[in-house]
Structures are given as C-alpha cells and as structure tokens.
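Reader: Could you walk me through this model before I set anything up with it? I would like to ask about one topic after another.

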Amino acid sequence: MTWRERLRDPTTQRWLRIAVFVAMLGIALWAPFYFTPFRVFQFTRVLIFAIAVLGLGLLTGFNGQISLGHGAFFAIGAYTAAALMEKAGWPFLLVVPVALLITFALGYGVGIPALRLHGLYLALVTLALAVVTPPILKRFSGITGGAMGLNIDIPQAPAWTGLAEDQFLYLLALVAAIAAFALARNLVDSRTGRAMIAIREDELAAETMGVDLARVKTLAFAWSAMYAGLAGVLFTWTIGFVSPESFTITLSISILAALVVGGLGSIWGALLGAAFLVYLPSVADDLNQAAPGIAFGALLIIAMYVFPGGIAGLARRLWGRLLAPPRAPAPATAGASTEEGGEP
Amino acid sequence: MTTGERDLLLEVRGLHATYGQGAVLHGIDFDVPTGGVVTILGSNGAGKTTTLRALSGEVSTRGSILLEGENLAGRSTEAIVRRGVAHVPQGRGTFVNFTVEENLRLGAHLRKDRDGVRADMDRMYEHFPVLGERREQQAGSLSGGEQQMLAVARALMLRPRLLLLDEPSLGLAPMVTRELFAIIGGINREENTTIVVVEQNARLALDLADMAYVLEAGRIVMAGTPEDVRDDEAMASAYLGYAV
C-alpha cells in the first residue's frame with residue numbers, strides 16, 4: 001500500500017477529517033490566550049463574517065439564488081440586538097432568539113417574491129433591499145437612534161471566568177460559529193439540503209421528484225437571512241455601536257465577494273472567504289497607502305483569475321492531484337460503457 | 001373502473017396542450033391498463049414528449065387526465081408526483097454533481113420510511129448492478145447508458161404507480177438500449193409498475209409494450225396492439241420510419 005492509496009482509503013480519510021477538526025478546534029481555543037487583543041479582535045471579526053458568508057452560501061452556493069442584500073439582514077440583526085439591549089435593557093444573550101426569529105421571518109418574506117425572480121432580476125431586487133436599509137434606519141430614529149446610531153455596553157465575561165473582554169467576545173463568536181457551521185453541515189447532508197442542491201442544479205428535474213420548490217426556496221432564504229442576523233448580533237456585541245453607515249451596500253457586496261472568493265458550494269469556503277475579507281484590506285493598505293480600494297479590487301480580480309473555484313475549490317483540486325496516481329496510463333473503463341454516451 | 005377486461009390506471013380524454021400560443025396536442029384520448037406497458041410512437045414533433053409533460057403537469061392543458069378516477073389536470077407537478085406519477089424526462093436529468101447513491105435518495109425525496117428506502121436502493125442495485133458498483137461515484141462521471149439507468153432507478157425510488165419514460169434510448173448504442181429495455185421489462189413484470197414509454201425506436205418499444213398509440217401532429221392516428229401496428233405497413237412506413 002503506497003501512501004497515496006492509504007490516503008484514498010475512506011476510513012483513513014474519515015480519521016484525517018476528525019484529526020484536522022480536533023486540531024483546528026484546539027488552535028481556535030488556544031489562540032485568544034496567546035495573541036494580542038488586537039489580533040483576537042480580528043479573529044472575532046473573521047468568525048462573525050464567516051457566519052454571514054456561510055448563510056449567503058446556503059442560499060447562493062447551495063440553492064442557486066443570488067442575494068445582493070444580505071447586508072440588510074445583517075443590519076436588522078445588529079439593530080435588534082442594539083435596540084433591545086440599549087432601549088429595553090435586555091441581557092445580551094436574550095436578544096439572540098428574538099433577532100434570529102425576526103431575520104428568519106423577514107428572509108421568508110423576501111423569499112416569496114424571489115420565487116418569481118431569477119438571476120439578474122433577483123440580484124437587482126435584493127440590491128434594492130441593501131440600498132434602502134440605511135435610509136430606513138435613519139428614518140425610524142425613535143428605535144434606531146437615527147444617523148447618530150446607538151451605543152451599547154459591550155457584554156462582559158462573568159468575573160469567575162477571569163476572561164478579558166476580547167477573549168470573551170471571541171469565545172462567544174466561536175461558539176456561535178461552531179453552532180452555525182454544524183447546523184449548515186447537517187442541513188446540507190439532509191433531505192432538505194439535497195432538495196436545495198437539486199433545485200440549484202435543475203429546478204424542473206427536482207420538481208419531477210416531488211420537491212416542493214416554493215417551500216424549499218423560501219426556507220433557504222429564511223435560514224440564510226437568519227445566519228446574517230446572527231452575525232449582526234455578534235457585530236453589535238463586539239463593536240458596541242451601530243449606525244446606518246455600518247450597513248451600506250458595501251457590506252452586502254463584501255459578503256458576496258467573500259463567498260465567491262472562499263468557494264461557492266463549500267461550507268469551509270465561508271471561513272476562508274471571511275478571512276480573506278478581513279485580512280485583504282490590511283494587505284492592500286501595505287501595498288498602496290494612497291488607494292487601498294484599488295489594491296483591494298486588484299487583489300480580488302487576481303484571486304478570481306488564479307482560483308476561479310474559490311480557495312476551497314483550489315484546495316480540493318490540489319488534494320485531488322495529491323491523491324491521483326502518478327502518471328499512470330488511463331484506466332480501462334469497465335461495465336456498460338460501449339455506447340457513445342453523448343449528451344443530447 | 002374497468003373497461004370490461006382490465007382495470008385502467010390512467011384514462012386520458014380530450015387532452016389539449018399548449019406552449020404559450022402554440023397548441024401541440026389537439027384532444028387526444030388514450031388508456032393505460034394497470035400493470036401494463038403502453039407506448040406512444042410517432043415522428044419528431046408529433047407531440048410525444050408533450051404528452052408526457054402534460055401528464056406530469058409541466059405544460060398547460062385542457063381535458064381530463066384520470067388517475068384511478070382522480071383528475072390530475074391542472075395540478076402542480078409536485079402534487080402529481082405525490083400521487084405516484086414518476087417522470088424520467090428526455091435527456092435523463094440526472095444530477096451530475098451528486099453521487100449515484102445521493103441521486104437515488106433524491107428520488108425517494110417524498111418518502112419517510114428510511115428502512116424501505118434503504119431496501120429499495122439495494123433492490124435498484126440488483127436491477128442495475130452497474131449502479132451498485134458505482135454507488136459512490138458522481139453521476140456526471142457515468143456513461144450515457146449508466147446515467148439513463150440511474151434516471152430510471154431514481155424514478156422507481158418513488159415507488160410510482162405510473163412511470164413515464166421519455167425516449168430512454170436517446171443517445172445510447174443499440175446494445176445498451178437493448179439491455180436497458182430488458183431491465184425495464186423485468187421491472188414491469190416483477191414490480192408490477194405501470195409504464196408509459198415514448199420512443200423513436202419503435203421496434204424496441206413494440207417488443208416491450210402491450211398497447212401502442214401512434215401520434216401524428218398532435219392527434220392519435222392509430223391505436224392497437226403491437227401486432228396491429230407492426231402489421232399495418234402503411235402506418236409503419238409513414239409514421240414509424242421503418243417497414244417490417
């Protein structure tokens with residue numbers, strides 16, 4: 001048995017996956033006690049964005065519906081948390097279920113007209129959602145604090161834990177992210193998840209298998225919005241301040257960009273895309289102080305050109321190449337393969 | 001409901017079908033006996049595919065489509081699938097990014113009986129051994145014949161009362177087509193699945209069927225047993241493109 005054959009073995013692969021997961025979890029738990037508060041804060045941002053990107057990934061990557069308006073759901077999650085904590089004085093953990101419920105319901109609501117819209121039309125309508133969000137937030141200043149925004153007290157760790165603020169926030173985001181990723185993983189492997197992917201691949205064929213298109217597509221929108229809402233709550237906790245300008249169209253586009261860079265249709269791609277989104281601007285700043293936007297855009301274009309399947313797609317390709325037998329002659333195909341096999 | 005000799009699973013009366021402005025079917029009538037195989041023959045553009053699409057609610061129709069007395073006309077595709085009508089569309093429509101096994105699971109989307117689904121998957125691997133060998137492979141890596149088999153197996157996972165097959169031989173080599181039809185015939189006998197098959201390859205379809213209809217420009221021009229159709233030389237050369 002060569003090492004390649006050993007790596008191809010499903011049992012080995014399963015153990016490898018568990019080992020990688022445990023190692024990653026170990027690093028994730030160790031990191032906040034090793035790095036400086038600024039670095040820990042950056043990691044927290046990566047985790048928060050990863051949740052939002054993952055949510056959009058469920059909708060766009062797995063269900064084939066595009067949204068340029070996920071920043072709106074992010075904003076609603078953030079504002080729900082801020083308003084309940086600041087205006088109503090709720091404890092920070094209690095706002096989570098409320099924010100999830102509200103964004104779920106709103107996502108469901110947007111999902112209904114989305115049933116009749118495809119591709120560019122859906123992109124345009126969701127884009128409008130992102131555009132109207134800041135003005136609406138300014139308009140209802142009684143709840144939202146208007147253009148001034150809302151300041152909230154950042155959640156503090158219970159004294160007995162001895163955790164610093166940055167460590168506590170990081171761990172909260174980590175717990176949320178693990179829950180979000182585990183749920184997404186299960187969803188994608190479930191009956192409904194298969195139906196979601198089938199719809200992305202071929203709506204008509206999915207329908208002829210009895211998939212209820214309307215139900216699955218609206219649910220995908222609702223879950224996806226709920227993920228963005230959760231990310232919004234975490235954003236409020238960590239930043240301690242929300243204002244309409246935090247949730248402009250740039251946020252929606254950034255989430256979509258991170259999804260595509262990370263890799264559509266990949267769960268882990270969301271984490272990679274989020275890291276790209278958080279770290280690329282600082283790299284871009286180093287490259288060109290005068291115009292970080294230009295450097296950011298250029299790096300984005302280069303990234304898409306070099307790995308069109310996203311970082312996750314690139315990783316999958318490299319892994320596949322590693323496992324491929326070294327330059328063996330093409331194996332003979334067995335079974336009923338004598339026909340031309342042409343696609344109609 | 002009986003016609004005197006056999007129970008009818010499906011009774012179609014005065015079926016019209018339109019795409020936008022263009023009418024494709026102009027009021028066709030046909031019967032499908034329970035447990036039987038009915039073939040609909042005809043040249044390109046006669047309306048064969050449209051007939052199947054009308055049965056599964058994918059085009060707008062007029063007329064009645066009675067499945068054991070219940071009218072399916074005007075219902076959504078999903079509702080029709082729920083009533084046990086499985087459609088294997090032309091060009092297979094397998095999900096190329098899913099594995100063979102996942103495709104079969106998707107076929108059982110409406111079923112809740114996990115153990116039954118597992119047992120049926122194993123049964124499909126018996127009917128189609130090549131699928132059993134390739135169960136972890138992505139459907140896109142299968143040959144055309146294997147994909148067609150997968151499409152049929154996936155439709156059967158629904159445990160349909162009525163299986164609609166649209167041009168199963170399309171793009172397949174003669175040998176593979178014969179193998180596929182032999183398996184389909186076996187499924188009809190062993191599982192008592194009622195089948196409507198639309199085919200350009202009239203010879204094969206007539207061997208399989210116990211009732212045949214010939215469609216021409218959206219109208220049924222002949223109905224009878226396979227022997228009747230074979231013996232009608234004018235019919236054979238005019239509509240089926242071959243003389244027996």
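Reader: Fine, and what kind of model is it?

Author: It is a predicted model, and every value I quote below is computed from it or, for confidence, comes with it.

Reader: Then start with chain A: how many helices and strands are there in it?

Author: Chain A has 15 helices and 2 strands. Its radius of gyration is 22 Å, close to the 20 Å that the globule rule gives for 344 residues, so chain A is as compact as a globular protein of that length. The C-alpha trace of chain A spans about 70 × 50 × 45 Å along its principal axes.

Reader: How much of chain A is buried, in percent?

Author: Of the 344 residues in chain A, 43% are buried. As for contacts in chain A between residues at least 6 apart in sequence, 77% of them join residues at least 24 apart.

Reader: And chain B, how many helices and strands there?

Author: Chain B contains 10 helices and 10 strands. With a radius of gyration of 17 Å, close to the 18 Å given by the globule rule for 244 residues, chain B is as compact as a globular protein of that length. Along the principal axes, the C-alpha trace of chain B covers about 50 × 40 × 40 Å, and 49% of the 244 residues of chain B count as buried. When contacts in chain B with a separation of 6 or more are taken, residues 24 or more positions apart account for 66% of them.

Reader: Changing topic, where in chain A is the confidence lowest, and where is it highest?

Author: The mean pLDDT of chain A is 87, with 92% of its residues at 70 or more. Among the helices, α14 (residues 292–306) of chain A has the lowest confidence, at a mean of 76, whereas α11 (residues 213–239) of chain A has the highest, at 95. Residues 330–344 of chain A have a pLDDT below 50, although this stretch has 30 contacts in the model beyond near neighbours in sequence. Where pLDDT is low, the predicted coordinates should not be read in detail.

Reader: You mentioned α11(A); how do the axes of α3(A) and α11(A) cross?

Author: The axes of α3(A) and α11(A) cross at roughly 170 degrees and come within 7 Å. Because an angle over 145 degrees counts as roughly antiparallel, α3(A) is roughly antiparallel to α11(A). Among the residues making this contact are Phe49(A), Ala52(A) and Leu56(A) of α3(A), and Trp223(A), Tyr227(A) and Phe235(A) of α11(A). The contact of α3(A) with α11(A) divides into 17 nonpolar residues, 4 polar and no charged.

Reader: And at what angle does α3(A) pack with α12(A)?

Author: Helix α3 (residues 37–61) and helix α12 (residues 249–262) of chain A pack at about 75 degrees, with their axes 9 Å apart, which means that α3(A) is roughly perpendicular to α12(A). Phe49(A), Ala52(A) and Leu56(A) are among the α3(A) residues in this contact, and on α12(A) they include Ile255(A) and Leu259(A). The residues of the contact of α3(A) with α12(A) are 8 nonpolar, 4 polar and no charged.

Note on methods. Residues numbered from 1 in each chain as written. Chains lettered and ligands numbered in written order. Predicted model: local features only at pLDDT ≥ 70, side-chain atom pairs only at ≥ 80, totals over all residues. Helix = DSSP H or I, 4+ residues; strand = E, 2+ residues; numbered from the N terminus. Rg over C-alpha atoms; globule rule 2.2 N^0.38 Å. Buried ≥ 20, exposed ≤ 12 C-beta atoms within 10 Å, placed from the backbone. Contact = placed C-beta atoms within 7 Å. pLDDT = per-residue confidence, 0-100. Axes fitted to C-alpha atoms, helices over the stretch in contact; angles between N-to-C directions. Parallel < 35°, antiparallel > 145°, perpendicular 65-115°, else oblique. Nonpolar A, V, L, I, M, F, W, Y, C, P; charged D, E, K, R; others polar.
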